[in-house]
Amino acid sequence: MQKNGSINVNVLLLAPNAGVGCFFRPESRTGFSKDRWAIPPLGLWRISGHLIKNKYANVEVWDGYVDSEESLISRLKENNFDIIGFSITHQTLENDIYFMHICKKYSPSSTLVIGGDEATFNYVKVMEISPIDYTVLGEGEKPMADMCAKIKNGITNFKEIPGLIYRTETEYKKTGEKTCDYKRTGPNYAMDHKMFSSTTINIDWKMIPYERYWEQIESFYEKPNLNETRTVRIFTTNYCPFDCLFCSSTNFLNAAGGSENKKRANVAGLTPEEIITMLKEILESHPTTRNIFINDDDFVLQAVRVQKFCDLVCEAKDKQILPDYLTFM
Ligand code: SF4
């Protein structure tokens, strides 16, 4: 499918929404309270970077932690979003479903899509009680890019794109299984090492409004500890392959199809040099960053890689490429 069709594509991505108050009966569905440590939705920013840098679509990200419900409604009224994507979690599901209905009400012609662990493992229940058109199984980059490419060419039927679930009158079906294209491409295989690196490096750190998150967190304290509050979360590998049965992280990519010719997804990760490049970009984009939270399922999976990374951090600090005060957790 050509990605250079003539139609502009607009995508809105919504982060999981915990709201203020308790998880299931929130007094307000936006903002966050003192007992929450809100952080930007990195998975959505990675999809956003992939779609924008490869010219598939214009993308906006809305996160109820720092954006109001009113701002969402005015965006829905003012913009004609072709696709609205929801990253959902089990803990935030009630709020997430609430916002699916809000989006359907104010933007009825948009295609509504869910993704993430909860969507991959629980799409039947969610689609039963929400106006969702498609579920993305596994990583969102390839199916979302394919959907945008089709829209660019005037096509809004996505049933041939691998890795989606759609509903019929009687059941939920996987897309593409009967088409030639599916035989060639298979399901939504996990991104290989090369694509994982390029999409992770394509995250546009400048676009992520860290300062708005930090400002809110710091407003809760008389003397906030900036070494904790000014934290940027990163991930450097795609998943942990240890196969604990109860763990959605280890089963997520496999549930979507694993890797080509394997049911189990290959582990993909950034090289130590690529991680340093990413850190430099983060520091340039957000110079008051004090701490880096490495949020991999298992960062120390490959000891040699970790040793090399630590050596490069020491070297970068010696050469003042990274600030001496930068800490890691
Ligand atoms: S992330 Fe933890 S719980 Fe999940 S498979 Fe790996 S070791 Fe097991």
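Guide: A residue is called buried under 20% relative accessible area, exposed over 50%, and partly exposed in between. Also keep in mind that this is a predicted model.

Visitor: OK, so is Cys244 buried, exposed or partly exposed?
Guide: Cys244 is at 37% relative accessibility, so it counts as partly exposed. Cys148, on the other hand, has a relative accessible area of 0%, so that one is buried.

Visitor: How many disulfides are there?
Guide: The count is 0.

Visitor: Back to Cys244. Which residues surround the ligand?
Guide: Cys244 is one of them, along with Cys240, Phe242, Asp243, Phe246, Cys247, Thr250 and Asp297. That shell splits into 5 nonpolar, 1 polar and 2 charged residues.

Visitor: New topic: how many residues are in the largest nonpolar core?
Guide: It has 54, and Val11, Leu51, Met147, Trp205, Ile234 and Leu279 have the most contacts inside it. Domain 1 (10-188) and domain 2 (194-328) both contribute residues, so this core lies between them. Another core, of 25 residues, lies apart from it and includes Leu12, Ile73, Ile88 and Val126.

Visitor: What does Ile234 touch?
Guide: Leaving out residues up to four places away in sequence, its contacts include Leu42, Trp205, Ile275, Met278 and Leu279. Phe293 and Asp296 are also among them.

Visitor: And what about confidence?
Guide: The average pLDDT is 90, and 89% of the residues score at least 70. Over residues 21-26, though, pLDDT stays under 50.

Methods:
Residues are numbered from 1 along each chain as its sequence is written. This is a predicted model: local features need pLDDT of at least 70, side-chain atom pairs count only at pLDDT 80 or more; totals for chains, interfaces and linings use all residues. Side-chain values use heavy atoms; hydrogens and water are left out. A nonpolar core is a set of buried Ala, Val, Leu, Ile, Met, Phe, Trp, Tyr and Cys residues joined through side-chain atoms within 4.5 Å. Buried means under 20% relative accessible area, exposed over 50%, partly exposed in between (1.4 Å probe, protein chains only). Domain bounds come from an automatic or database domain assignment. Contact means heavy atoms within 4.5 Å. A residue is near a molecule or strand if one of its heavy atoms lies within 4 Å of it. Ala, Val, Leu, Ile, Met, Phe, Trp, Tyr, Cys and Pro count as nonpolar, Asp, Glu, Lys and Arg as charged, and the others, Gly among them, as polar. pLDDT is the predictor's confidence in each residue, from 0 to 100. A disulfide is a pair of cysteine sulfur atoms within 2.5 Å.
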